[in-house]
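Please keep the sequence and the model in view while reading.

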Amino acid sequence: MAKSIDVSDVNIYYGDFLAVEGVNMTIRAGAVTAFIGPSGCGKSTFLRSLNRMHEVIPGARVEGKIVVDGQDLYEPGVDPVAVRRQVGMVFQRPNPFPTMSIYDNVLAGLKLNAGKMKKSAADDIVEKSLRGANLWNEVKDRLNKPGMGLSGGQQQRLCIARAIAVEPQILLMDEPCSALDPISTSAIEDLIHELKNEFTIVIVTHNMQQAARVSDDTGFFNLKATGEPGHLVEFNPTKKMFANPDDPATEAYISGRFG
Amino acid sequence: MTAPTAEVEDASANWATARAGVGDRIFAGAARAAGLMILAALAGVFIFLAIKGASGFTKPAEVYGPHAESFVGYVVPLLVGTFTASIIALIIAVPLAFGIALVISHYAPKWVAVPVAYVIDLLAAVPSVVYGLWGAFFLAKKLVPMHVWLHENLGPIPVIGNLFGEPNPAGRSILTAGIVLAIMILPIITAISREVFSRTPRLHEEAALALGATRWEMVRMTVFPYSRSGMVSAVMLGLGRALGETMAVTMVLSVGFDLSWNIIATSSPTSIAANIALKYKERSADLLNVLVATGLVLFLMTFLVNFIARWIVGRSERRMAR
């Protein structure tokens, strides 16, 4: 089930360094939300705070409220492990587990939750997830081969299959196409369109055309100045953002006058 | 950039790599020499052992006496002693070392991990004689109650009970020797496995965490598979040290010649290395040949164990690479 995310007054720190300041937004359920902005503006950092992956870095912490389905993810007593099972993530570089086969990679997350599974049930989930990631036809004859043997684009789709196999409510994607060629990128973008029927998708991208192609809403992050924290400049429907943005800084960035 | 003036003659491009050639050749030669050196040293040791030890296999019965009549009868108890002590050491040290390495690399905050790692490394710098003294005069006595407890509580159990027969009243059993060996091989296994654990790519660790893995599940999914080869290397180096260690065993163990399953017995067969150290001074020329022959056996056994371990690791990796 897709769920919306309500973000209010979020500050994100690395130790004492304030990296992202004062973010407020509502990410709609069952839609694709893209974050754009120059390098170092904190969009990836913010994305990682949505499934509590930010705090994996020593000293990193988050202030404020991020509410999914009525539950504040940062309330004391909320287990980050449980959060990550509800909010899946796809990384910048494809990272299938190198010692596992394609089949085991897809099931990796489920095995954590469910323990033993019937072989037929496991087969069904693998097929469903790989079909969901548009990879089934390419790999169905070599499911027991290592995942690292696939091409970069296939590996990234394998990682998406692995993430959707656990049926999260929300799927985060951190520049999922930045290491891929245009054809693989196009395959992933098509996939994002299909996935948004089932999941709330949040994607960070450096590619503004990509944001325009795949997203329903767009958030523009920027730095006030070097060394200052990043902040959310504007959050609007993508159509409005690219046609008639509210903020002149957004327009300058989108039209290529800076960044 | 300024336009090239007519006066300055263009240096004609030099397509031969004369400059890089010399340095590269020296370095390649040095690296190759180092590689060949280790092979030559290994072959040299083997040839020495084979030549000097060959006659040791077939001496008259009295040379092997008073406790054995043939080379096999002489070396088998020693082999058993060697491997018993080493296996006990590995059983204790390996889980402990992996645990410590994991804490240092993945669990403890930096201000704990760094000093702990340093202390563990220091353990490796303590000479083995010191461990031997400590084991013989301090640890053995302290372990007497443990010997009694093991005998009383585990002795009656079938099969396992055979390992815990009559206890050694002074605590100088092969179990104590194994424990001292375990402490000696702990630092090397810890240091190497810590290094390989911390080399696990962050990307893979985050992939596991993002799927909702706990810290331990993340370790099992990414750190262990990634480190498997290095972990085996660490264990093999530790085993190598345990097999070849003389002082700790010589000083701790009260030596006997009867084979038994009892690892807390009053006396147990010593190890090959300790036996050589003990007998070397009082040798006859014949006995020296026998000692060298036992050394050859140890050399081959170590080689074999290493080879088998490598093969097992390699097999699982080859399976994945298919």
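## Helix 7 against helix 9 in chain B

In chain B, helix 7 (residues 174-198) packs against helix 9 (residues 215-244) at an angle of about 155°, with the two axes 8 Å apart; axes here are lines fitted to C-alpha atoms, for helices over the stretch in contact, and angles run from 0 to 180 degrees between N-to-C directions. Helices (H or I, at least four residues) and strands (E, at least two) are DSSP runs, numbered from the N terminus. Helix 7 of chain B and helix 9 of chain B are therefore roughly antiparallel to each other, given that angles under 35 degrees count as roughly parallel, over 145 as roughly antiparallel, 65 to 115 as roughly perpendicular and the rest as oblique. The model is a predicted one, in which local features need pLDDT of at least 70 and side-chain atom pairs count only at pLDDT 80 or more, while totals for chains, interfaces and linings use all residues. Residues are numbered from 1 along each chain as its sequence is written, and chains are lettered from A and ligands numbered from 1 in the order in which they are written.

Helix 7 of chain B passes helix 9 of chain B in a right-handed crossing; a crossing is left-handed if the near helix is turned anticlockwise from the far one by less than a right angle, and right-handed if clockwise.

## Other helix pairs in chain B

Helix 8 of chain B also packs against helix 9 of chain B, at an angle of about 155° and with the axes 8 Å apart, and the two helices are therefore roughly antiparallel to each other. Their crossing is right-handed. H204(B), E205(B), A208(B) and L209(B) of helix 8 meet E217(B), M218(B), M221(B), T222(B) and Y226(B) of helix 9, and the residues of this contact divide into five nonpolar, two polar and two charged.

Helix 3 (residues 71-107) of chain B packs against helix 7 of chain B at an angle of about 35°, with their axes 6 Å apart. The crossing of helix 3 and helix 7 of chain B is right-handed, and the contact between them has 23 nonpolar, nine polar and one charged residues.

## Where the chains meet

The contact between the chains takes 15 residues from chain B and 19 residues from chain A. On the side of chain B that touches chain A, helix 8 (202-210) and helix 9 each supply at least two residues, and helix 8 gives the most, with six residues. By class, that side of chain B has nine nonpolar, four polar and two charged residues.

## The chains as a whole

The secondary structure of chain B comes to 12 helices and zero strands, whereas that of chain A comes to 10 helices and 10 strands. The C-alpha atoms of chain B fill a box of roughly 95 × 55 × 40 Å along the principal axes, and the C-alpha trace of chain A spans about 55 × 45 × 30 Å along its own.

Definitions and conventions
Contact = placed C-beta atoms within 7 Å. Nonpolar A, V, L, I, M, F, W, Y, C, P; charged D, E, K, R; others polar.
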